[in-house]
Amino acid sequence: MPEATTPDDGDGNGVRIDLISGARMEGLTSMEKIRLILDSVRDGDIVVLEAGLSPEEESKLIEVTMTEISPDDFSGIEIETYPSTQQANQGLVGRLLGKEESAKKLTVIGPANQIETLHKDEDLISALVSRK
Amino acid sequence: MGLLTNLRDSITRVTDRLFADDEPKRIGIYGPPNAGKTTLANRIARDWTGDAVGPESHIPHETRRARRKENVEIERNGKTVTIDIVDTPGVTTKVDYKEFLDHDMEKDDAVKRSREATEGVAEAMHWLREDVDGVIYVLDSTTDPFTQVNTMLIGIIESQDLPVLIFANKVDLDDADVKRISDAFPQHETVPLSALEGDNMDEVYEKIAEYFG
């Protein structure tokens, strides 16, 4: 995130987590959102999005991630999102009823070589984050 | 400007589809790596044209560029459906060349394979937004379907309003669990099959004709 500074934790091995509000993402274009996420993740940070991404943005995030993968540098992203599939199905009904915008989701994105999902169910994402 | 461009593109896509009824439907075969997409594409192509689409392998990302088999005519229940089959690379959010080293591959070859794989996945994602009329989503029925990539891809396909059929592949294996897949995506029809053994292909062709005809 441009205006944030990275504190020196003494050994330089800390992992930063950016918690980004839905309000902040709302004012950005799709590419600005993707750039914000990928710039942070490529720096080794974990990004938590309060409002998640739209399917179109998720598609572009995968596409842009692929263009930036390079050997021994960046191997891609690990991503987990609420709601679970069951909740997403309820969202489908909501879409049919015109309530698409009310669906909330939370997305965790991190560098694939540093974050590993240990467990995920409808109300818990458990992840292991390793230092570089 | 972006909004106008998106609107124009959407209108173009809709009109293209409306006036392209006589053209073969482009059906993308999507899914995670090693689900058996190319094996299925080859099975369909061989059954109806006599030719294969591409090489198959147990090594992830054997298909690194999308391959298309055009004008595949499928006859079912007195009806003929003509489709172009587009076999795509396995969609993933990460590609690490070091994984290929476990398959007795030299580093240079592994790096080359990973570069080609990333280009292929990017291309497949772009096509999903712009260039397919329907999707066959292939899953390995011996593995957990509740992955973020599967959930995201199905969500992306739904958001494009594309007809989608979910195929639970590899039912010839002992630990196959088709119910786990149908439970994961209950909003879509799940068809069990073994592309390798040719099991249940009659139903596969019936569903293709029904969904994409």
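A polar contact is a pair of N or O atoms within 3.5 Å; within protein, one atom must be able to donate a hydrogen and the other to accept it. Keep that in mind as you work through this predicted model.

**Exercise 1. Describe how chain B meets chain A, starting with the residues in contact.**

Step 1. On the side of chain B, 31 residues are in contact with 27 residues of chain A.

Step 2. Next, look at the area. About 2400 Å² is buried between the two chains, and carbon and sulfur atoms give 58% of that. Within chain B, the residues that lose the most area to chain A are Thr93(B), Arg129(B) and Gln148(B), together 26% of what that side buries.

**Exercise 2. Find the polar links across the interface of chain B and chain A, then see which elements of chain B take part in the interface.**

Step 1. Nine residue pairs are in polar contact across this interface, both residues being at pLDDT 80 or more.

Step 2. Helices H4 (107-130) and H5 of chain B each give two or more residues to the side that touches chain A. H4(B) gives the most, with nine residues.

Step 3. Sorted by type, that side of chain B has 14 nonpolar, ten polar and seven charged residues.

**Exercise 3. Count the salt bridges between the chains and locate the one formed by Lys94(B).**

Step 1. The count between chain B and chain A is four.

Step 2. Lys94(B) pairs with Glu78(A), and their closest N and O atoms are 2.5 Å apart.

Notes:
Residues are numbered from 1 along each chain as its sequence is written. Chains are lettered from A and ligands numbered from 1 in the order in which they are written. This is a predicted model: local features need pLDDT of at least 70, side-chain atom pairs count only at pLDDT 80 or more; totals for chains, interfaces and linings use all residues. Side-chain values use heavy atoms; hydrogens and water are left out. Contact means heavy atoms within 4.5 Å. Buried area is the accessible area (1.4 Å probe) that two parts lose on being put together, summed over both. A salt bridge is a side-chain nitrogen of Lys or Arg within 4 Å of a carboxyl oxygen of Asp or Glu. A polar contact is a pair of N or O atoms within 3.5 Å; within protein, one must be able to donate a hydrogen and the other to accept it, and residues adjacent in sequence count only if both atoms are side-chain atoms. Helices (H or I, at least four residues) and strands (E, at least two) are DSSP runs, numbered from the N terminus. Ala, Val, Leu, Ile, Met, Phe, Trp, Tyr, Cys and Pro count as nonpolar, Asp, Glu, Lys and Arg as charged, and the others, Gly among them, as polar.
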